[in-house]
Amino acid sequence: MTLKISRILHAGYVFECDGTLIAFDPIFENPFSRNCHAFPDVRFDHARIRGMKPDAVFISHFHDDHCSMESLDLLDRATPVYLYCLFDELFAMIRQLGFTNVQALAVDAPVRVGAFEVIPRKALDSDVDSMFHIRAAGLNVLNVVDSWMDPETLEQLKAYAPWDMVLWPFQTMREIDVIAPSRAGAPDPRAASVLPEEWPEQLRALAPRYVVPSSCQFVQEPWSWYNHALFPITYRQFADEVSGWLPGAAVVRLNPSVSFELTPHALTPAAPLPWVLPVGEQDVDYDYRPDIAPPPTSEIASHFAALGDQQTAQVLDYCRTGLAEKYADMELPADSYFATPCIWQLSLYDHAGTVHQFRYRIHGDAIAATGDGEAPTWHTEIPMAKLYAGLALGESLTSMYMRISGAPADADIVDDPLIRCLFNDAFGAYQAAQLRRLGRA
C-alpha cells in the first residue's frame with residue numbers, strides 16, 4: 001500500500017490509502033477567513049467538491065481558517081466530523097449545519113477510519129490546538145497544523161522517530177507588529193526572519209525523512225501594506241535552514257492541489273487534486289519588506305465601501321454605549337496597563353476619511369465617556385467598515401486594520417479595550433455569522 005498526501009490550502013490536506021479518503025482542516029474558499037487570499041493563488045471547483053465523499057473529516061481547532069461552515073456546507077452531511085474543541089457551541093453549530101455524526105477528539109485517543117489511525121496529540125496551547133499523528137500503510141506522519149510543540153508531547157513522539165513525514169508550520173506571523181507599528185521600533189530584518197530557536201532541537205528529535213513547510217502564507221487586498229509586513233520567513237530560507245539541521249532529510253514544498261505518494265522507500269509525484277485549480281505561478285514567495293511605512297488609517301479606510309445608514313448607526317451606537325457595557329462586564333488582568341487611570345481615544349475612519357472620535361476615561365474595570373481636554377495616552381484607530389465587520393460578520397483581528405499607538409513597551413497590546421470587547425468571550429462569532437448567511441441560524 002501507498003499513502004497519497006495532497007494539499008488543499010493553508011493547513012488543509014487530503015490523505016488517501018487503500019480506498020479510504022480523509023481530510024484535515026478542509027478550507028474550500030479563497031479568500032478564506034473573509035480576507036485571507038491564498039498565496040499562491042487558487043480557485044475551487046465546488047461542484048466536484050460536492051461530489052466528493054470523504055470517509056471522515058478531522059478538524060484540529062476552532063479558528064476560522066481551520067473550521068469553516070461555508071466549506072463544510074459543500075460536503076455530504078453523513079460525513080463523520082471529528083473535532084478537537086473544548087466548547088460545546090461549535091459541535092452544536094456543525095450539527096445545525098446538518099451533519100449527523102459529529103464527535104469530539106481527545107488527546108492520545110486513536111480514531112480508526114478504514115486504513116487510517118488518527119491520534120490527536122497535545123499542542124502547547126491545549127485549550128485551543130491539537131496536532132495529528134496519522135498512521136497508515138506502515139507509515140507515521142505528524143501534522144503539526146499551525147500549533148507549537150509541547151515539550152512533553154515531543155518526548156512522547158520521539159518514540160516514533162525517525163518519522164516518515166512531518167508537516168511543519170514554517171511561518172511566523174508579525175500580527176502585533178502590524179497592529180502597533182510605532183512600538184515595534186526600528187526594523188531589524190535579521191531579527192524578524194530568525195526561525196524560532198526551539199525548532200532545530202524539535203526537528204532533530206523527530207528525525208523526519210521528509211519535511212513539508214505547512215500553514216501557508218497568504219496575502220490581502222492588492223493595495224494592502226500587510227502584503228509586505230506579516231511574514232518574514234520565506235520558503236527558501238526555511239528549506240536552507242532545515243536542510244542544515246537535518247542533512248539526511250528532504251524539504252518538500254507542497255503547493256495547493258499538489259500530491260505525492262509516500263512509501264517506506266520513496267516519495268513520488270502523484271495526480272493532483274482535480275477540484276483545487278491553481279491560478280498563475282505557484283512557486284512564489286512572500287515579498288517581506290521590514291522597512292515598509294504603514295499608510296494612515298484614513299487612507300486605508302478609503303478602500304472600503306461606505307456603510308449604510310443602519311450599519312453606521314450600529315457602529316456609532318456601539319461606541320457610545322455597547323462598548324462600555326461590554327468592557328465593564330469583563331475582568332481586567334491585574335497587571336494590565338489599564339489598571340491605572342488613563343484616557344483612551346478610539347478613532348473611526350469612514351470611506352471618505354472623516355474621523356469619528358470617542359474618548360473614554362478608564363480605571364481598571366471602570367470605563368466612562370469623557371469630553372474633557374485631557375490628552376489621551378492610548379490611541380486606537382480602525383476603519384469604520386472593519387469595526388462593523390467585526391461586530392456583525394465575525395471578522396477576525398488579522399484583517400481589521402486596527403492601529404494602536406501610545407502603548408508603552410511593557411504593555412500588552414491585546415489589552416486594548418476594543419480588542420478585548422470584540423474578541424474576549426466571543427467564541428464562534430465567525431462561524432455563527434456564516435450560519436446566518438447560509439440560512440441555518
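Reader: Are H3 and H14 roughly parallel or roughly perpendicular to each other?
Author: H3 and H14 are roughly parallel to each other. Angles under 35 degrees count as roughly parallel, over 145 as roughly antiparallel, 65 to 115 as roughly perpendicular, and the rest as oblique. Helices (H or I, at least four residues) and strands (E, at least two) are DSSP runs numbered from the N terminus.

Reader: What kind of model is this?
Author: It's a predicted model, with residues numbered from 1 along each chain as its sequence is written, and local features need pLDDT of at least 70. Side-chain atom pairs count only at pLDDT 80 or more, while totals for chains, interfaces and linings use all residues, and side-chain values use heavy atoms, leaving out hydrogens and water.

Reader: Ok, back to H3 and H14. At what angle do they pack?
Author: About 15°, with the axes of H3 (residues 88-96) and H14 (residues 429-437) 11 Å apart. Axes are lines fitted to C-alpha atoms, for helices over the stretch in contact, and angles run from 0 to 180 degrees between N-to-C directions.

Reader: Which residues meet there?
Author: From H3, Leu90, Met93 and Gln96 meet Gln431, Ala432 and Leu435 of H14; contact means heavy atoms within 4.5 Å. By class, that contact has 4 nonpolar, 2 polar and no charged residues. Ala, Val, Leu, Ile, Met, Phe, Trp, Tyr, Cys and Pro count as nonpolar, Asp, Glu, Lys and Arg as charged, and the others, Gly among them, as polar.

Reader: New topic, sheets! What's the strand order in the open sheet of 5?
Author: S22-S21-S20-S23-S24, with mixed pairing. Two strands pair if DSSP finds at least two bridges between them.

Reader: And which strands stand at the edges?
Author: S22 (366-369) and S24 (403-405) do, each with a single partner strand, so one side of each has no neighbour in the sheet. From one strand to the next, the twist averages 20°.

Reader: How many bridges join S20 to S23?
Author: 6 bridges join S20 (residues 342-349) to S23 (residues 378-383), and the two run parallel. Tyr349 stands opposite Pro383 in S23.

Reader: Which strands does H12 lie across?
Author: H12 (residues 384-392) lies across S20, S21 and S23, at about 85° to S23. H11 (residues 309-329) lies across S20, S21 (355-363) and S22, at about 15° to S21.

Reader: At what angle do H11 and H12 pack?
Author: About 80°, with axes 10 Å apart. That makes H11 roughly perpendicular to H12. Their contact has 9 nonpolar, 3 polar and no charged residues.
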